[in-house]
Amino acid sequence: MTLEELQSNEELRNFEFPVTKDKIFLGHAGVCPLPRRVHEAIQRYSEACTAQDQEVVQPASWLKETRQSAADFLGARLEEVAFVGPTSQGLSFVAEGLEIRKNQNVLVYQDDYPSNVYPWMAMAERGIEVRFLNLRELGVIRPRDVLGQIDENTRLVALASCHFLSGYRIDLDAI
């Protein structure tokens, strides 16, 4: 199944997302009803774990194959893809690994998901200025709001895509 098939085939979407039988489904990266194939994968894994040690249920090659699929999807190399726990942990790894100096800044949306705010706020302990996006309307982030609050010392703008007006892309390299 491809994303294009899922987008163009309502019957397939309804099958893959059973919640759509009774509700409008607006899934996001947070908490939402599970798609059918995730439910089935959890069932298979759970059943296998009743027969043997849960640490050895998945073959060793499964993790590498899954990382390669993600790399292919992202246009990355296998060694650039890692699985980590919660989003906040992954973003913390990124935040700690960035080479940002004391005279530089990051811009975040204070009312964003906590997992997309706290890792960047922690940079303040390293002397990096953490700026909070000033908005005219709560929850509505317009490109001009962002562009007006970055400068030559801004090294990162961290925004969860669900808050951004769709159809816009800001090319910071062009600024």
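Glutamate 79 is exposed, with a relative accessible area of 58% (exposed means over 50%, buried under 20%, and partly exposed in between, with a 1.4 Å probe and protein chains only). This value belongs to a predicted model, in which local features need pLDDT of at least 70 and side-chain atom pairs count only at pLDDT 80 or more, while totals for chains, interfaces and linings use all residues. Residues are numbered from 1 along each chain as its sequence is written, and side-chain values use heavy atoms, with hydrogens and water left out.

A salt bridge joins it to arginine 77, with the closest N and O atoms 2.8 Å apart (the criterion is a side-chain nitrogen of Lys or Arg within 4 Å of a carboxyl oxygen of Asp or Glu). Together with Glu80, Arg77 and Glu79 are linked in a network of salt bridges. The search of the whole structure finds 7 salt bridges. Another of them pairs arginine 37 with glutamate 16, at 2.9 Å from N to O. Arginine 37 lies in helix H3 (residues 36-51) and glutamate 16 in helix H2 (residues 10-16), so this pair ties together parts that are 21 residues apart in sequence. Within the pair, arginine 37 is partly exposed at 43% relative accessible area, whereas glutamate 16 is buried at 6%. Aspartate 145 and arginine 142 also meet through their side chains in a salt bridge, 2.8 Å from N to O. Here aspartate 145 counts as buried at 8% relative accessibility, and arginine 142 is buried as well, at 14%.

As for the overall fold, the protein chain has 7 helices and 3 strands (DSSP runs numbered from the N terminus, with H or I over at least four residues for helices and E over at least two for strands). From the N terminus on, these elements follow the order α-α-α-α-α-β-α-β-α-β. Of the 175 residues, 24% count as buried. The accessible surface comes to about 12,800 Å², and 53% of it belongs to carbon and sulfur atoms (areas come from the Shrake-Rupley method with a 1.4 Å probe, and for residues only the protein chains shown count as cover). Among contacts between residues at least 6 apart in sequence, 48% join residues at least 24 apart (contact means heavy atoms within 4.5 Å).

Helix H4 (residues 60-74) has 15 residues and reaches 22 Å from its first C-alpha to its last, close to the 21 Å expected at 1.5 Å a residue (the expected span is 1.5 Å times one less than the number of residues). Just after H4, glycine 75 adopts a positive phi of about 70°.

Beyond its neighbours within four places in sequence, valine 130 is in contact with Val106, Val108, Trp120, Met121, Met123 and Ala124.

Alanine 122 sits in the loop between helix H6 (118-121) and strand S2 (129-132), and it is partly exposed at 28% relative accessibility. Its C-alpha atom is separated by 8.6 Å from that of serine 92, 30 residues apart along the chain.
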